[in-house]
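Have the picture open as you read.

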Amino acid sequence: DVVRGVQIVAIDMASRPMADVRAAEGCVYIVSARELAKIKLQTAPQRVDALIDAGEWLEALALALDDQHISLESKLDLLQRYVSLAVDNAPVNSNNTINKTSSSLVDLAKSHFQMLAGVCVEFCVETKRLDVLFSEIFAAFDSLDRADVFLDVLEPYVLSRKLSSLAPQVMAKFVAHFEARGALVAVERSILKLEVTGLDFN
């Protein structure tokens with residue numbers, strides 16, 4: 001398995017000629033007359049867990065995505081845990097808030113879901129699991145009336161051909177979303193990039 005150093009103290013060995021180096025229980029200890037330095041080694045899954053414990057979810061997802069020793073199932077489980085946490089902690093308008101239509105709160109909520117959608121799309125594109133993206137994840141956005149944010153994030157992926165196809169139910173909402181905004185040009189540009197064989201646009 002891949003081993004990554006995570007608690008590494010910079011040490012100038014030249015200035016510590018009498019330092020003694022020992023290894024025990026997955027750690028390397030460097031002992032000198034003036035100090036004890038500890039270098040802890042972790043596998044990638046352990047490092048992911050440590051990042052999650054520290055609340056560093058985006059770093060954990062990035063590490064999991066890049067590491068070949070973490071199974072695809074574990075990666076997707078991590079993503080779904082992140083989505084659940086992000087949804088549960090999303091900014092919302094409170095019924096007790098005097099100014100329910102506060103633009104700052106609306107912008108904060110929109111930014112939150114834009115970031116979440118971007119992470120999800122990128123993760124699923126890289127893992128080639130669009131079935132997850134267009135089922136559970138899209139359903140989560142749709143149930144919160146945030147499908148519009150999700151669909152907006154999809155557009156640049158379609159135009160850059162990182163996404164060459166959309167699930168039929170997502171494609172229908174994609175077209176309806178941009179059509180409702182009067183952005184038919186965006187629909188036309190996207191359709192030219194997509195594999196749309198068999199879809200009915202009538």
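Searching the whole structure turns up 5 aromatic pairs. Here, rings of Phe, Tyr and Trp (its six-membered ring) pair if their centres lie within 6.5 Å; planes under 30 degrees apart count as stacked, over 60 as edge-to-face and the rest as tilted. One of these pairs joins Phe141 and Phe150, which are tilted, at 5.2 Å centre to centre with 50° between the planes. Phe141 and Phe150 are both buried, where buried means under 20% relative accessible area, exposed over 50% and partly exposed in between (1.4 Å probe, protein chains only). Ring pairs also link Phe113, Phe138, Phe141 and Phe150 into a cluster.

This is a predicted model: local features need pLDDT of at least 70, side-chain atom pairs count only at pLDDT 80 or more, and totals for chains, interfaces and linings use all residues. Residues are numbered from 1 along each chain as its sequence is written, and side-chain values use heavy atoms, leaving out hydrogens and water.

Now find helix H2, residues 57-66, whose buried residues are Trp57, Ala60, Leu61, Leu63 and Ala64. Looking down the axis of H2, these buried residues fall within an arc of 165°, so they line one face of the helix. The arc is taken from the directions from the helix axis to the C-beta atoms. Helices (H or I, at least four residues) and strands (E, at least two) are DSSP runs, numbered from the N terminus.

How many disulfides does the structure hold? It holds 0, a disulfide being a pair of cysteine sulfur atoms within 2.5 Å. The sulfur of Cys120 has its closest cysteine sulfur in Cys124, 6.4 Å away, which is too far for a bond. Cys120 counts as buried because its relative accessibility is 0%, and Cys124 is likewise buried at 0% relative accessibility.
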